[in-house]
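Me: Please go through this model with me, and set each label against the criterion behind it.

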Amino acid sequence: MVLPIVLAAIVALGLLASLALFDAVLEWRVAGLADDQVVARAAAVEGVDAVADPPDLTGLCVRPPLAWEELVGTTSAGGRFRVRWQHLGDGLVRAEVEGTGRIGARSRVIALVRPDSSERVSGLYRCPSAVRLVPAAPQWLETHPE
């Protein structure tokens, strides 16, 4: 008579222990994903720092809108960032920054910038003496809606 009660208690305790372990593993995964999202956001912020200095600024000014210029880098936290510049015309440049975490989290930012100096020659826009890109408007930086 005691043996079935002891077995039922052991089964009940085993079930409770497995549920507690499942809950702990689930919380651990959620915390890991949140940590990876922080790494992705930090990578995006580091990418925003690189927006002002594209690899070929004078070439970007005369590039057609469908031709992107790209820069890829890694962060000290283990994330990666990618900055893509697209000249929209008349000196307006759209920069997309994508920060990626270690296990796949993403954070994206869109920036509207323009060269610090430019000129028009025979109706064509160019910026041979430009050094960096500066914000195009007060609301120049916006997080990507995703």
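**Labels and their criteria**

Reply: Strand S3 (residues 92–100) is mostly covered, with 7 of its 9 residues buried, where buried means under 20% relative accessible area, exposed over 50% and partly exposed in between (1.4 Å probe, protein chains only). Strands are DSSP runs of E with at least two residues, and helices are runs of H or I with at least four, both numbered from the N terminus. This is a predicted model, in which local features need pLDDT of at least 70 and side-chain atom pairs count only at pLDDT 80 or more, while totals for chains, interfaces and linings use all residues. Residues are numbered from 1 along each chain as its sequence is written, and side-chain values use heavy atoms, with hydrogens and water left out.

Me: Why is Leu7 called partly exposed?

Reply: Leu7, found in helix H1 (residues 2–49), has a relative accessibility of 47%, and therefore counts as partly exposed.

Me: What makes S2 and S3 a pair?

Reply: Two strands pair if DSSP finds at least two bridges between them, and S2 and S3 have 9, in the antiparallel sense. In the hairpin of S2 and S3, with 2 residues between the strands, Asp90 takes a positive phi near 55°.

Me: How do you know that the charged end of Arg84 sits over the ring of Trp68?

Reply: The criterion asks for NZ of Lys or CZ of Arg within 6 Å of the ring centre and within 35 degrees of the ring normal; the charged end of Arg84 is 4.1 Å from the centre of the Trp68 ring and is assigned as sitting over it.
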